[in-house]
Amino acid sequence: MLECVGLRDALIQGIGVVRAGGVISRVGAPQYPDVPFGFGEFMRNITLTGGVAPARAYMDELMPHILDGQIHPGRVFDRTVALEDVPEGYRLMNDREALKVLVRP
């Protein structure tokens with residue numbers, strides 16, 4: 001089971017649907033400090049794993065292709081902001097008004 005939302009409810013749903021002996025992989029940054037994973041999940045032999053995406057590892061290679069139009073990130077980014085509007089971009093994502101914000105210098 002892959003949890004990509006980053007919200008506590010998504011992880012709880014994942015725990016509810018994963019089979020005994022299954023794996024829940026979390027991608028991205030969780031939006032909560034605690035993990036609702038206790039003795040019951042342990043006894044079901046569920047594995048919880050994950051981490052942040054290594055975006056910096058691909059940035060130097062991919063960004064030129066995005067900027068020159070070879071790659072169209074429109075399926076990922078749904079808003080574009082200028083560098084001076086980065087705080088507004090974070091607000092849009094936090095308020096769930098945007099999924100991902102592209103910053104154009």
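Visitor: What pattern does the chain follow, read along the sequence?
Guide: In this predicted model, the chain follows the pattern β-α-β-α-β-α-β-α-β. That comes to 4 helices and 5 strands, taken as DSSP runs numbered from the N terminus (helices H or I, at least four residues; strands E, at least two).

Visitor: And how spread out is the chain?
Guide: Its radius of gyration is 17 Å, well over the 13 Å that the globule rule gives for 105 residues, so the chain is more spread out than a compact globule. The radius is taken over C-alpha atoms, and the rule is 2.2 Å times the number of residues to the power 0.38. Along the principal axes, the C-alpha atoms fill a box of roughly 50 × 30 × 20 Å.

Visitor: What share of the residues is buried?
Guide: Of the 105 residues, 20% count as buried (under 20% relative accessible area, with a 1.4 Å probe and protein chains only).

Visitor: Now glutamate 41. Where does it lie?
Guide: Glutamate 41 lies in helix H2, residues 39-43. Glutamate 41 is buried yet has no salt bridge (a side-chain nitrogen of Lys or Arg within 4 Å of a carboxyl oxygen of Asp or Glu).

Visitor: Which side chain of opposite charge is nearest?
Guide: Arginine 44, 5.4 Å away; Lys and Arg count as positive and Asp and Glu as negative, with His and the chain ends not counted.

Visitor: What does glutamate 41 touch?
Guide: Leaving aside residues up to four places away in sequence, glutamate 41 touches Ile15, Pro36 and Ile46 (heavy atoms within 4.5 Å).

Notes: Residues are numbered from 1 along each chain as its sequence is written. This is a predicted model: local features need pLDDT of at least 70, side-chain atom pairs count only at pLDDT 80 or more; totals for chains, interfaces and linings use all residues. Side-chain values use heavy atoms; hydrogens and water are left out. Buried means under 20% relative accessible area, exposed over 50%, partly exposed in between (1.4 Å probe, protein chains only).
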